[in-house]
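Please keep the structure open while reading.

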Amino acid sequence: MPSPFPGMDPYLEQSGAWSDFQSTFINYLRNAINDRLPGAYDARIQERVTVIESFDRPGKSIEPDVHIGRKDDAPECGARSRFGSVTLEPVTVPLIIPEKQRQNYIEIYDSPEQTLVTVIELLSPTNKSQGRAEYLIKRDVILSEEVHLVELDLLVNGQRLPTAEPLPQDDYYAFVARHECRPLCDVYHWSVRQPLPAVPIPLKVPDMDIIVEMQPVFAEAFACGRYERRLRYDAPPRSRLSRADHLRMTVPWHEIQ
């Protein structure tokens, strides 16, 4: 079943489905890119692990994904000694353990030199919140190299990418930063009422850009992941949409088209 929205579905931001959607979308996007790349190039999926520190969030409880039971005869936590006694009685407290989040992205290489040409990122909620500083450091490394960078921001919430001038007011963005044109960057922007646009993917000069239609990629990823089964369309999304769009979503989207 397709999404009821004409383009990006803002309910993906609040359902706990984003990590799965991100991986699915990247997979279909890589396939679409490879279908259009000249023979001298290939697109590959890479993985990055981001460590999210929790020290600035006191009181947060960390719960395991799987319940860990204790047998009746299991030893209690605390110091144990082969001599049967210790000097002090400890207090047992929970540690704050950093969270690890995995994120996929795409790299385009040329052959036969196997030179990195373009990096394509789909921003995650982590990139726009707790892991923003770490992402920006890695982003700065790419921007300092002769590598094109394409960033897709399909999230309404969170901090936007830093720019020297304010971005146009909109819901979603695609940033295309060609290494030979930096610090200038082409920004494509659209609203929740519009389908995802076609986005150019730059290659090595003098090769022409390839143009990837993002809406079919999204539609394939959404249908494959069956996200409509877990999204709650009976309430307005918690995304930072305009007041008009929030009002439109107080009833099912398909009833107000």
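Which residues are linked with K128 in a network of salt bridges? The network consists of K128, D153 and R160, where a salt bridge is a side-chain nitrogen of Lys or Arg within 4 Å of a carboxyl oxygen of Asp or Glu. The model is predicted, and local features need pLDDT of at least 70, side-chain atom pairs count only at pLDDT 80 or more, and totals for chains, interfaces and linings use all residues. Residues are numbered from 1 along each chain as its sequence is written, and side-chain values use heavy atoms, with hydrogens and water left out.

**Salt bridges**

- The structure holds 12 salt bridges, and the one between the side chains of D42 and R44 has an N to O distance of 2.6 Å.
- Both residues of that pair are partly exposed, D42 at 23% relative accessibility and R44 at 26%; here buried means under 20% relative accessible area, exposed over 50%, and partly exposed in between (1.4 Å probe, protein chains only).
- R102 and E47 also meet through their side chains in a salt bridge, at 3.3 Å from N to O. Because R102 lies in strand β2 (residues 99-110) and E47 in strand β1 (residues 41-52), this pair ties together parts that are 55 residues apart in sequence; helices (H or I, at least four residues) and strands (E, at least two) are DSSP runs, numbered from the N terminus.
- R102 counts as exposed, with 54% relative accessibility, whereas E47 is partly exposed at 47%.
- In the salt bridge of R178 with D209, the closest N and O atoms are 2.7 Å apart. R178 belongs to the loop between β5 and β6 and D209 to the loop between β7 (198-201) and β8 (210-213), so the pair ties together parts that are 31 residues apart in sequence.
- R178 counts as buried at 15% relative accessibility, while D209, at 28%, is partly exposed.

**Helix α2**

- Helix α2 (residues 132-143) has 12 residues and reaches 16 Å from its first C-alpha to its last, which is close to the 16 Å expected at 1.5 Å a residue, the expected span being 1.5 Å times one less than the number of residues.
- The buried residues of α2 are R132, Y135, L136, R139 and I142. They cover an arc of only 110 degrees around the axis, which puts them on the same side of α2; the arc is that of the directions from the helix axis to the C-beta atoms.
- An α-helix has 3.6 residues a turn, so residues three or four places apart point the same way.
- Exposed residues A133 and I137 sit on the face of α2 turned away from its buried side.

**R182, a buried arginine**

- R182 is found in the loop between β5 (172-177) and β6 (186-190), and although R182 is buried, it has no salt bridge, since the nearest side chain of opposite charge, E180, is 7.3 Å away.
- The side chain of R182 reaches the backbone oxygen of A177 at 3.1 Å, and one of its polar atoms lies 3.2 Å from the backbone oxygen of L143.

**S124, a buried serine**

- S124 lies in the loop between β3 (115-122) and α2 and counts as buried, at 7% relative accessibility.
- Leaving aside neighbours within four places in sequence, S124 is in contact (heavy atoms within 4.5 Å) with W18, Q103 and L155.

Key: Lys and Arg count as positive and Asp and Glu as negative; His and the chain ends are not counted. A polar contact is a pair of N or O atoms within 3.5 Å; within protein, one must be able to donate a hydrogen and the other to accept it, and residues adjacent in sequence count only if both atoms are side-chain atoms.
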